[in-house]
Amino acid sequence: MKDTLRNIIMFVLSAAFFSLVYINAFKVSATAVAVFVIFLTWYGICIGLSQKSAEKLKHYEQKQIHFGLCKRDDRRILLFSLTTLSPMFLCIFLVSLIPLYTYEIWLITVFPAIVLNCIPAIGVLGEYYGLTRKRLPYILLCFLFTMLFCLVGVILSAVFLKSL
């Protein structure tokens, strides 16, 4: 807990320092710096969540070896498997935020990002299958979350562009 609190304080102090340097020395707008700091904060949250979930999955792996798993562990394993992919979902969301005017260009840019982000999802699928001997719940929810984050990104992009 002390390490987490220390890391958060160090992040806030370093973000504040670099924000002041960029705003004052390089004459970057405060809005651009704020967006960048918000992005870094969300990315840090996703990475931390992913790391904690991966540790929990390793714990369930050890539990399976020594004691065996019960039925209610399947839902938790599914939750931890999906939260392990939170940086992937953030990347899909950010790519789908890019304002593109035609569907063809959107498919050329966003679809390869989705396909490339399936590589870590396949690795986590192997871990999930090893623990639960199921594939379908993970695949369906992963597909659903990918579509949901794409859709939210596209809708937010469209709403933002119409407000301009």
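This is a predicted model: local features need pLDDT of at least 70, side-chain atom pairs count only at pLDDT 80 or more; totals for chains, interfaces and linings use all residues.

Residues are numbered from 1 along each chain as its sequence is written, and side-chain values use heavy atoms, with hydrogens and water left out.

**Exercise 1.** Work out how α4 and α5 are arranged and which residues of the two helices meet.

*Solution.* Step one: find the helices, which are DSSP runs (H or I, at least four residues) numbered from the N terminus. Step two: take the angle, which is about 175°, with the axes 10 Å apart. Here axes are lines fitted to C-alpha atoms over the stretch in contact, and angles run from 0 to 180 degrees between N-to-C directions. Step three: α4 is therefore roughly antiparallel to α5 (the word applies to angles over 145 degrees). Step four: look for contacts (heavy atoms within 4.5 Å). Met-88, Cys-91, Ile-92, Val-95 and Ser-96 of α4 meet α5 residues including Trp-106, Thr-109 and Val-110. Ala, Val, Leu, Ile, Met, Phe, Trp, Tyr, Cys and Pro count as nonpolar, Asp, Glu, Lys and Arg as charged, and the others, Gly among them, as polar.

**Exercise 2.** Describe the lining of the largest pocket.

*Solution.* First, recall the term: on a 1 Å grid over the protein atoms alone, a pocket is an open set of points where a 1.4 Å probe fits, with protein on both sides within 12 Å along at least five of seven lines; lining residues have an atom within 4 Å of a point. Next, note the volume, about 620 Å³ (the space filled by probe spheres set on the points). Among the 28 lining residues, Trp-106, Ile-114, Met-147, Cys-150 and Leu-151 are the closest to the centre. Then turn to the helices: α6 (136-163) gives the largest share, twelve residues. Finally, the classes are 23 nonpolar, five polar and no charged residues.

**Exercise 3.** Is Lys-27 buried or exposed, and where is Lys-27 found?

*Solution.* Start with the place: Lys-27 is in the loop between α1 (2-24) and α2 (30-66). Then check its relative accessible area of 66%, which means that Lys-27 is exposed (over 50%, with a 1.4 Å probe and protein chains only). Last, look at the backbone: Lys-27 has a positive phi of about 60° although it is not a glycine. Most residues other than glycine have a negative phi.

How values were computed:
Buried means under 20% relative accessible area, exposed over 50%, partly exposed in between (1.4 Å probe, protein chains only). Angles under 35 degrees count as roughly parallel, over 145 as roughly antiparallel, 65 to 115 as roughly perpendicular and the rest as oblique.
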